[in-house]
Amino acid sequence: MALISTWKQVSETTKMRKAQTEPEISITIQPSEWWINLIDMVIENIGLGSARNIRFEVISDFECEKGKFVSNIGYIKNGLDYFAPKQKLTFFLTSLLENFEEKKLSLLKLRCSIKTRQTRLTTILLNYFAQFEGLIHTEKPPLYIIAENIKEIKEDIHLLSNGRE
């Protein structure tokens with residue numbers, strides 16, 4: 001009986017250690033912090049292990065801007081050689097202010113593969129842009145407000161340095 005209990009504990013410990021050293025790539029689409037109608041793609045290693053030899057396959061492409069497709073984005077086309085634990089890439093994908101009616105019917109489907117020591121891990125992103133229809137800000141985004149305030153401070157400092165109030 002003790003042998004079975006020990007075997008179970010060793011098995012669980014091995015599984016836990018593996019989970020703590022495996023990478024896990026998350027790919028999401030989200031509204032930009034700057035403006036809700038600008039959409040960012042976020043690629044993040046949410047696992048605790050480093051990811052190597054990351055490759056993307058575009059199953060269903062998406063036209064980000066006129067004549068520019070997801071399949072031509074450098075990270076997607078060329079992959080990533082190394083991605084540290086908790087590393088995140090956030091980049092502009094598209095604006096919903098242009099051709100929203102077309103975009104909301106579009107489908108973006110990506111497959112991400114990582115080769116680990118023992119296995120090949122795969123993540124799939126399936127995204128319809130219709131989910132962003134009707135999103136509104138109740139106020140200006142915080143980063144926008146900060147930028148406006150810095151501009152005002154700059155103008156005030158300029159006035160003070162020239163002897164005007």
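Is E57 buried, partly exposed or exposed? With a relative accessible area of 41%, E57 is partly exposed, where buried denotes under 20% relative accessible area, exposed over 50%, and partly exposed the range in between (1.4 Å probe, protein chains only). The structure is a predicted model, in which local features need pLDDT of at least 70 and side-chain atom pairs count only at pLDDT 80 or more, whereas totals for chains, interfaces and linings use all residues. Residues are numbered from 1 along each chain as its sequence is written, and side-chain values use heavy atoms, with hydrogens and water left out.

The chain contains four helices and nine strands; helices (H or I, at least four residues) and strands (E, at least two) are DSSP runs, numbered from the N terminus. Read from the N terminus, the order of elements is α-β-β-β-β-β-α-β-β-α-β-β-α. Of the 165 residues in the chain, 29% are buried. Contacts (heavy atoms within 4.5 Å) between residues at least 6 apart in sequence join residues at least 24 apart in 65% of cases.

E57 forms a salt bridge with R111, with the closest N and O atoms 2.9 Å apart; a salt bridge requires a side-chain nitrogen of Lys or Arg within 4 Å of a carboxyl oxygen of Asp or Glu. Because E57 lies in strand β3 and R111 in strand β8, the pair ties together parts that are 54 residues apart in sequence. R111 is partly exposed, at 28% relative accessibility. By the stated rule, the count of salt bridges comes to two. The other pairing considered here joins the side chains of D81 and R55, at 3.6 Å from N to O. D81 is exposed, with a relative accessible area of 61%, while R55 is partly exposed, with a value of 32%.

Three strands form an open sheet in the order β1-β2-β7, with antiparallel pairing; two strands pair if DSSP finds at least two bridges between them. The edge strands of this sheet are β1 and β7, each of which pairs on one side only. From one strand to the next, the twist averages 20 degrees, with axes taken as lines fitted to C-alpha atoms (for helices over the stretch in contact) and angles running from 0 to 180 degrees between N-to-C directions. Strands β2 and β7 run antiparallel and are joined by seven bridges. I39 has T94 in β7 as its bridge partner. S95 is also found in strand β7 and is buried, with a relative accessible area of 9%. Apart from neighbours within four places in sequence, S95 is in contact with N37, L38 and K103.

The largest nonpolar core comprises 28 residues, of which M41 and L108 touch the most other members. Such a core is a set of buried Ala, Val, Leu, Ile, Met, Phe, Trp, Tyr and Cys residues joined through side-chain atoms within 4.5 Å. Strands β1 (25-31), β2, β3 (51-60), β6 (80-83), β7 (88-95) and β8 (107-115) each supply at least two residues of this core. The greatest contribution comes from β8, with four residues. Residues up to four places away in sequence aside, M41 touches I27, T28, I29, I76, L89, T90, F91, L93, L108, L110 and L125.

I29 is located in strand β1 and is buried, with a relative accessible area of 11%. The C-alpha atoms of I29 and V42 are separated by 6.2 Å, although the two residues are 13 residues apart along the chain. When residues up to four places away in sequence are not counted, the contacts of I29 include I39, D40, M41, L93, L108, L125, N127, F129 and F132.

D40 is placed in strand β2 (residues 38-45). This residue is buried yet has no salt bridge, and the nearest side chain of opposite charge, K88, is 9.4 Å away; Lys and Arg count as positive and Asp and Glu as negative, with His and the chain ends not counted. With residues up to four places away in sequence again excluded, D40 touches T28, I29, Q30, S32, E33, T90, F91, F92 and L93.
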